Amino acid sequence: MCDIRYFKSAYHCYDVAVNLMKLYQYDEMYLNDVAYHLQQCVEKTLKAFLECRGVTVPQTHSIRKLISMSANNGSVAVVTDWLAENQYEIETWESDSRCNFDICLEAGRIRTGLEEVRRFLDINHMGYELNPELTEERKARLREKLPRNLVIRDDFEWNCYYNIFKKGLK
């Protein structure tokens, strides 16, 4: 079984990006850090879904490669149109925002990134609001697929386990 801490780490990156954006006062370093954490969120989310399919995930920051691997390996991750259309730009946010001090990201573009990555997370039910598909009946069926001693602490974890096993529950 995959480790849902990967999903939590991805969500944490998004949360950090949101909070850094609140501090942005026309300081490019904040925009760079927000962009970096958005890229990390997308990368970790795609890797988490692949890992849960039993795919050996390479050490890569390539969003393009991870989207392709997701499509080719039956990942249940839903890749939004915006993510697919902007995968190269998002990929560059990892290295450029860390190593290129001359990079000048646009605040509007980063705000759009925040909104669209949030949409990506929401579509994949990565959040602390329980996925509406996860009825009590589905929870019971999901419980049968999990180790008996597993403690699910919150709706975020229910959502993660449902994402992992939902193909087998429908």
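By nonpolar core I mean a set of buried Ala, Val, Leu, Ile, Met, Phe, Trp, Tyr and Cys residues joined through side-chain atoms within 4.5 Å. Buried stands for under 20% relative accessible area, exposed for over 50%, and partly exposed for in between (1.4 Å probe, protein chains only).

The model is predicted: local features need pLDDT of at least 70, side-chain atom pairs count only at pLDDT 80 or more, and totals for chains, interfaces and linings use all residues. Residues are numbered from 1 along each chain as its sequence is written, and side-chain values use heavy atoms, with hydrogens and water left out.

Core. I looked up the largest nonpolar core, which has 54 residues; F7, L38, I110 and L142 touch the most other members. Two or more residues each come from α1, α2, α3, α4, α5 (87–99), α6 (107–123) and α8 (155–169). The largest share is that of α2, with eleven residues. Helices here are DSSP runs (H or I, at least four residues), numbered from the N terminus. For F7 I then listed contacts (heavy atoms within 4.5 Å). Not counting residues up to four places away in sequence, F7 touches C2, A48, F49, C52, M126, F156, C160 and I164.

Helix pair. At what angle do α1 and α2 pack? I found about 165 degrees for α1 (residues 5–23) and α2 (residues 28–52), with the axes 8 Å apart. The axes are lines fitted to C-alpha atoms over the stretch in contact, and angles run from 0 to 180 degrees between N-to-C directions. The angle makes α1 roughly antiparallel to α2, a label for angles over 145 degrees. I noted 18 nonpolar, four polar and four charged residues in the contact of α1 with α2. In that count Ala, Val, Leu, Ile, Met, Phe, Trp, Tyr, Cys and Pro are nonpolar, Asp, Glu, Lys and Arg charged, and the others, Gly among them, polar.

Single residues. Leaving aside neighbours within four places in sequence, E94 contacts Y36, Q39, Q40 and H61.

N73 sits in the loop between α3 (63–72) and α4 (81–85). I logged N73 as partly exposed because its relative accessibility is 32%. Beyond four places in sequence, N73 touches L50, R53 and V55.

Y26, in the loop between α1 and α2, has a positive phi of about 65 degrees although it is not a glycine.

Terms used
Angles under 35 degrees count as roughly parallel, over 145 as roughly antiparallel, 65 to 115 as roughly perpendicular and the rest as oblique.
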